[in-house]
Amino acid sequence: MRRIYPDIQDNPDIARAYAYPGDRPWLRVNMVASTDGAAWLEGRSRGLSSKGDRRIFQTLRGLSDVIVAGAETVRTEGYGPVPPRDWWGELREGRPEVPPIAVITRSLAFDLDAELFAGAPSRTIVITCESAPHERRKAAARHCDLIVAGDDEVDLPLAMSELRQRGLTKVLCEGGPRVNARLSACGLIDELCLSISPMLVGGGAARILNGEPAQVSLDLSQVLEEEGVLFCTYTREQSR
């Protein structure tokens with residue numbers, strides 16, 4: 001892997017390249033897309049990924065305090081508990097050995113006895129709203145850290161505030177596109193890490209933001225490259 005912007009550097013330190021900016025709260029979105037903007041191939045992101053993308057993916061997880069994902073992404077991508085990595089030791093100094101996953105769900109339509117909810121080494125967080133079925137909320141609270149934010153749908157600014165109050169300030173969001181769109185519309189995204197896979201997909205795949213319109217100006221802060229895949233980092237202009 002090499003860095004090609006803002007300077008040229010072979011074999012950059014990936015953890016240093018993606019270090020969070022100080023101690024302030026920061027919400028980072030990490031996504032992969034085809035060159036023509038598709039967020040998945042045959043329904044899943046895995047077909048767009050690469051060795052370099054997976055290496056950065058794991059590094060971003062190790063750097064984060066919490067991993068946020070929408071219910072559809074958790075189901076489609078088959079999320080389980082985050083496994084500990086031997087090389088995360090320094091990245092996670094002073095923190096639990098793995099970050100918890102926070103699932104955004106309105107319906108709580110999960111098997112709440114599944115390992116993600118009942119067997120995770122770092123207690124999974126379930127973020128839902130008042131309109132979620134009461135019995136499902138009680139079941140989730142038995143195994144998970146339950147956050148109720150909003151009435152008819154999840155209030156994302158309130159949910160992110162609740163995470164910060166728990167000391168989880170370095171937030172990594174892994175999608176999906178609808179969650180990303182809502183975060184962007186609320187002005188909550190500080191940084192976008194986008195892996196661009198050198199393939200054309202076409203068809204009906206969503207873009208990395210799919211839903212509410214939002215126009216957010218970004219600064220390109222870094223580009224890495226490996227085997228034709230570009231790893232771009234963008235930050236909001238007002239976050240500089």
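The model is predicted, with local features requiring pLDDT of at least 70 and side-chain atom pairs pLDDT 80 or more, while totals for chains, interfaces and linings use all residues. Residues are numbered from 1 along each chain as its sequence is written, and side-chain values use heavy atoms, without hydrogens and water.

The domain assignment, automatic or from a database, divides the protein chain into domain 1 (27-64 + 187-235) and domain 2 (66-169). Their C-alpha centres are 22 Å apart. In contact terms (heavy atoms within 4.5 Å), 12 residues of domain 1 meet 18 residues of domain 2.

The two domains bury about 1,200 Å² between them, with 52% of it on carbon and sulfur atoms; buried area is the accessible area (1.4 Å probe) lost on putting two parts together, summed over both. Of the area that domain 1 buries against domain 2, Gln58, Arg61 and Ser64 supply 43%, more than any other three residues.

Between domain 1 and domain 2 there is 1 salt bridge, defined as a side-chain nitrogen of Lys or Arg within 4 Å of a carboxyl oxygen of Asp or Glu. Glu77 forms a salt bridge with Arg44, their closest N and O atoms lying 3.9 Å apart.
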